[in-house]
Structures are given as structure tokens and as C-alpha cells.
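User: I would like to learn how to read the features of a protein model, one at a time. Could you take me through this one?

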Amino acid sequence: MVFKKIESVIVGERLFLKPKLSREEVMSIAYIPKNKFAAIFTKYAGMNFTKYVNDLRLEYACQVLKEHPEYTIEGVAKECGIPVVQTFYRLFFEKFGKTPTRYRKTLVD
């Protein structure tokens, strides 16, 4: 129940798209005590807060890559809340096993 509340705040309000989204911001919006926050993420999401937010951003990036082929990769990175394109490439490759450019090419092939 508590994680659903956190998730609805992060996803419902699209906070994950904010480049500098902090734990503190989510805790204050969702009224979650600081000492319970990390444990809730580990238990219910199976990962830490940063990985959870980055996974949401990367899933959104896939959507943007598909729906906006005219966007540059740098534009997609910024749109999904990862302002440093090198970080975006690294995270994308770690999650999907291919670069954003290669992923986009598979959409049209």
C-alpha cells in the first residue's frame, strides 16, 4: 500500500521526468518517513530508488524513440530526464543491451 502511494506519485505526476528528482522530494510528497523509504523500495520494487527512477526514464525513452523519430538522441535523453547524453547511452545499453540509436533502427527495420 505504501509503495503504491509512492509509485502513484512518481508515475502519476510524471516526477521521474525531472532530471534532479530527489528521494527527499518524493518522501515529502508521499509522506514517507526517511527511515522507511529505502527498505520500501528494496522490498516492493526489488531495486533502489535511483535504479527505479532510471528504469522508468528508460522505458519512457523507448516510447519517445518510437513516437518521435525526428528527435535527436540528445533530445530524447533530455526529454526523459537524463540530461547527460553519455549517461543516457550507458544506462540504455545496460538495460537493453543496445544503444538508443541501434534500438531506433530496429523500430524501422
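Analyst: Let us begin with contact, which here means heavy atoms within 4.5 Å. This is a predicted model, in which local features need pLDDT of at least 70 and side-chain atom pairs count only at pLDDT 80 or more, while totals for chains, interfaces and linings use all residues. Residues are numbered from 1 along each chain as its sequence is written, and side-chain values use heavy atoms, with hydrogens and water left out.

User: Which residues does D55 touch, not counting residues up to four places away in sequence?

Analyst: D55 touches M47 and K95, and D55 itself is found in helix α4.

User: How many helices and strands does the chain have?

Analyst: Helices (H or I, at least four residues) and strands (E, at least two) are DSSP runs, numbered from the N terminus. By that rule the chain has 7 helices and 0 strands, and its C-alpha trace spans about 45 × 20 × 20 Å along the principal axes.

User: Is D55 buried or exposed?

Analyst: A residue is buried under 20% relative accessible area, exposed over 50%, and partly exposed in between, using a 1.4 Å probe and protein chains only. D55 has a relative accessible area of 13%, so it is buried. The buried residues of α4 also include F49, Y52 and L58, and the buried residues of this helix pack against α1, α2 (23-30), α3 (34-44), α5 (73-79), α6 (85-96) and α7 (100-108). Of the 109 residues of the chain, 37% count as buried.

User: How do α1 and α4 cross?

Analyst: Two packed helices are described by the angle between their axes and the distance between the axes. The axes are lines fitted to C-alpha atoms, for helices over the stretch in contact, and angles run from 0 to 180 degrees between N-to-C directions. Here the axes of α1 (residues 2-12) and α4 (residues 49-67) come within 12 Å and cross at roughly 45°. Angles under 35 degrees count as roughly parallel, over 145 as roughly antiparallel, 65 to 115 as roughly perpendicular and the rest as oblique, and α1 and α4 are therefore oblique to each other.

User: Which residues in α1 and α4 meet?

Analyst: From α1, the residues F3, E7, I10 and V11 meet F49, Y52 and L56 of α4.

User: What span should α4 have at 1.5 Å a residue?

Analyst: The expected span is 1.5 Å times one less than the number of residues. The 19 residues of α4 should therefore span 27 Å, which agrees with its end C-alpha atoms being 27 Å apart.
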